[in-house]
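Me: I have a model open here and would like to talk through its fold before setting anything up. Could you go through it with me?
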Amino acid sequence: MPVITCIEDLKRIYERRVPRMFYDYAESGSYTEQTFRENTSDFADIYLKQRVAIDMTGRSTATQMIGQDVSMPVALAPVGLTGMQSADGEIKAARAAGNFGVPFTLSTMSICSIEDVAENTDKPFWMQVYTLTDDDFMRRLFDRAKDAKCSAAVITVDLQMLGQRHKDLKNGLSAPPKPTLKNIINLSTKWRWGLEMLGTKRRGFGNIIGHAKGVNDPSSLFEWTAKSFDQALDWDRIKEFRKMWDGPLIIKGIIDPRDAVKALDVGADAIIVSNHGGRQLDGALSAIRALPPIMDAVGDKIEVHLDSGIRSGQDVLKAVALGAKGTYIGRAFIYGLGAMGEPGVTKALEVIHKELDISMGLAGRRTIDEIDRDVLMVPKGFSGEWE
Ligand SMILES: Cc1cc2nc3c(=O)[nH]c(=O)nc-3n(C[C@H](O)[C@H](O)[C@H](O)COP(=O)(O)O)c2cc1C
């Protein structure tokens, strides 16, 4: 077992073990990937203040997200096709998250279905919901989430249509991969992935195939998806979803303070400041730069979370110090999952937890509640003064 000390170590193993098509699917942003890159690099523009000679014993990273206890302010973000990064990937990731005491969010576009994950885990998880035109499907999705005892719904509002990711088109991304010569050559070097995949029946979009009208195989699925994403989505439609789900509700994909105010009006319990990990509008502001103006607009009225670009506990500390009550990791847990399955996700969480704990201590803070803006040195004009 190699010595893993940081998320980057997991990423290197992940790249070796997982078919190129799925590595590329995760490790890309839309178009020029500017937003994808800046999501991570902008964290480095913020500095932490080192404090000394402060009693650092008895530290704790425990806190709450939407009133639910978490062992640290980090959840697993919804990631489509997680079950293609490692066989039964959603179940493995949900188990690792549950054992670590952090929420797991299941994507609508997952391989393992809601029911599969519920049957094979013992902690409640959160359900991510895409805003689709098919009303029957939407109602049933919320009902299925309720039956599976999901403890929150996360409605993603930043994907009315897909930002283009060049590599997915060039690779002919599909689940499962098509038996082209290029894929066969690449898969022949990924024997561990292949063997595990042969051992599971879960290789299609478990939440959709057999649940959406007329979608019984992968080819009809792609047609259905293309016409189902709702380009006409507006806040009234989001209010209808609010009525379909009476549990805790989180709205994901807010970058503009005006949209944060709208999300508040809908009656959400929290919003996630997110640009979908740089996969949608290329050229949009990084999530960490977008956070301060959103905190100013709604921070005292609604719980604000953040994702996009988090690769370390220091990043979590910075987001929390700017006001986020919680954060999410997408790629950071996918690297762990693809590298080593369930123990790899646990490893990713351990790495981030340890970094957060040590960095908190070195910055003179013992609890999440003690983390305030004074932990940081933020450059003037960090969120920009734009014309
Ligand atoms: C491969 C991949 C698939 C994703 N699929 C979904 C999805 O199905 N639903 C969703 O709301 N967000 C999805 N996202 C966005 C993540 O939930 C999250 O916003 C993003 O990964 C955060 O950025 P990070 O990867 O830098 O942590 C996906 C992200 C990646 C990398």
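Me: How many strands does the open sheet have, and what is their order?
Reply: Keeping in mind that this is a predicted model, the open sheet has eight strands in the order β4-β11-β10-β9-β8-β7-β6-β5, and the pairing is parallel.

Me: Which strands stand at the edges?
Reply: Those are β4 (74–76) and β5 (105–106), and each has a single partner strand, so one side of each is left without a neighbour in the sheet.

Me: OK, and how many bridges are there between β4 and β11?
Reply: There are three bridges between β4 and β11, in the parallel sense, and one of the residue pairings places Val-74 with Thr-327 of β11 as its bridge partner.

Me: What about β10 and β11, how many bridges there?
Reply: Strand β10 (residues 303–306) pairs with β11 over two bridges, again in the parallel sense, with His-305 standing opposite Gly-326 in β11. Taken together with helix α15 (residues 313–321), β10 and β11 make a β-α-β unit that is right-handed.

Me: Switching to packing: which residues touch the most other members of the largest nonpolar core?
Reply: That core has 113 residues, and those touching the most other members are Leu-76, Ala-153, Ile-250, Ile-271, Val-273, Leu-291 and Ala-348. Helix α16 (residues 331–362) gives the most to this core, namely 14 residues.

Me: What does Leu-76 touch?
Reply: Leaving out residues up to four places away in sequence, Leu-76 touches Ala-93, Ala-97, Val-102, Pro-103, Phe-104, Thr-105, Tyr-328, Ile-329 and Phe-333.

Me: Now the ligand: which residues come nearest?
Reply: Of the 24 residues around the ligand, Ala-77, Gly-80, Ser-107, Gly-277 and Gly-330 come nearest. The elements that give two or more residues to this shell are α2 (20–26) and α16.

Me: How does that shell divide into nonpolar, polar and charged residues?
Reply: The shell around the ligand divides into nine nonpolar, 11 polar and four charged residues.

Note on methods
Residues are numbered from 1 along each chain as its sequence is written. This is a predicted model: local features need pLDDT of at least 70, side-chain atom pairs count only at pLDDT 80 or more; totals for chains, interfaces and linings use all residues. A nonpolar core is a set of buried Ala, Val, Leu, Ile, Met, Phe, Trp, Tyr and Cys residues joined through C-beta atoms within 7 Å. A residue is buried if 20 or more other C-beta atoms lie within 10 Å of its own, exposed if 12 or fewer, and partly exposed in between; C-beta atoms are placed from the backbone. Helices (H or I, at least four residues) and strands (E, at least two) are DSSP runs, numbered from the N terminus. Two residues are in contact if their C-beta atoms, placed from the backbone, lie within 7 Å. A residue is near a molecule or strand if its C-beta atom, placed from the backbone, lies within 6 Å of it. Ala, Val, Leu, Ile, Met, Phe, Trp, Tyr, Cys and Pro count as nonpolar, Asp, Glu, Lys and Arg as charged, and the others, Gly among them, as polar. Two strands pair if DSSP finds at least two bridges between them. A crossover is right-handed if, with the strands pointing away from the viewer, the path from the first strand over the helix to the second runs clockwise.
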